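These are my notebook entries on one protein chain.

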Amino acid sequence: MKQRFPRSMTMVLALGGMMAPFAIAAAQADTVVKIGFSSPLSGPQAHYGKDNENATKMAIDDLNAKPLTIAGQKVTFELVSEDDQADPRVGTQVAQRLVDSGVKAVIGHFNSGVSIPASRIYSDAGIPQLSVSTNPAFTTAGYKTTFRLVGSDSQVGGALGRYAVAQLKAQRIAVIDDRTAYGQGIADEFIKSIQGLGKQPVKREYTNDKASDFTAILTSLKAAHPDVIFYGGADAQAAPMAKQMKRLGLNAKLMGGDMLSTPTFIKLAGADAVGHFSAVPGGELGARPAGKDFEARYKARYKQDVVLLGPQFYDGVMIVADAMKRANSTEPAKFLPLIAKTAYKGVTADFSFDSAGNLKHAPVTISAVEGSNWKVKTVVQ
């Protein structure tokens, strides 16, 4: 006897048959995971930010080219990029937007003055933040969500201070900083370092991160006859400072941290860049096989050299993906504890973090301008 179903049930069965392929497709659909990014993408520090964004995009594309399978589903990563303008106020607004957009992790910010206030917002949301910010205060608030991808100002400023005294034999050292969290932080650490070696700064002066005329400050310093001037700030100010030092007959060596160590400093200062020093929190990229490969791929893709810390942003994305894979989850509550237990060989370093989120092993590379390029002088382990 042929079984008959009520019309309503027949319709349900028919619809079920029609929906089955869609259900299968839905089950097989990718899990989209949003990764947040922020750096200055406009203004005088945009060259740093674009470098960071370029490298972050490379990481996202590399992951999507060989998709991870997490919790049984293929994962597609999506970048959510924001311009924080190197401004703490804008940075906190950006941080909240990234949280509201549903990102699972944030790679950024670039500036310590932006990363520090933003870190509370990410902590409240339980979202990991991996940053190249170097001010020691970035990891002293006790947040379990903050991780530093490079050495801190105490390591970089300390290495520069020791180099100034031991290698350059500096006797009279002056210090200028731009009053940002980064500039003041690294200048403070530089001073601590030289004081530990029995040297006091002959003078300390202050400017801001928008200044371009340093004639009054440099004229004041000239009377103190410095043989080294340390500047805590960015290349956009350091370059005209170097030119004005030359014009005023100041023969001191200019020294600074990683924001000085760029092709932009050489381009803006021209021949007056020669002989000045900088330090980068990290080892020599080309000395690592993965770093050398990254440099080549970056240049082929973007038709320019790496500017500064973009490779660390690349590594930051990969550390997050590695933690997700080990946790078998894309939810921050589950993979965040695995970031704290990271042992990851990246393009820039072998990453592992201490209980505060600082990089355990953070070399510092000191370079000087020779001709039209930065040349490595030493790597401090």
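Which helices and strands each supply at least two residues of the lining of the largest pocket? I found helix H9 (263–269), helix H10 (289–302), helix H11 (310–327), strand E14 (364–370) and strand E15 (373–380). Helices (H or I, at least four residues) and strands (E, at least two) are DSSP runs, numbered from the N terminus.

I noted that this is a predicted model, where local features need pLDDT of at least 70, side-chain atom pairs count only at pLDDT 80 or more, and totals for chains, interfaces and linings use all residues. Residues are numbered from 1 along each chain as its sequence is written, and side-chain values use heavy atoms, with hydrogens and water left out.

I looked up the pocket in more detail. A pocket is an open set of points on a 1 Å grid over the protein atoms alone, where a 1.4 Å probe fits, with protein on both sides within 12 Å along at least five of seven lines; lining residues have an atom within 4 Å of a point. The lining of the largest pocket has 28 residues, and Ser261, Glu295, Val306, Val307 and Trp374 lie nearest the pocket's centre. E15 gives the largest share, four residues.

Next I checked His276. I located His276 in the loop between H9 and strand E11 (277–281). Is His276 buried or exposed? His276 is buried, because its relative accessible area is 7%, and buried means under 20% (1.4 Å probe, protein chains only). A polar atom of the His276 side chain lies 3.3 Å from the backbone oxygen of Asp272.

How values were computed:
Buried means under 20% relative accessible area, exposed over 50%, partly exposed in between (1.4 Å probe, protein chains only). A polar contact is a pair of N or O atoms within 3.5 Å; within protein, one must be able to donate a hydrogen and the other to accept it, and residues adjacent in sequence count only if both atoms are side-chain atoms.
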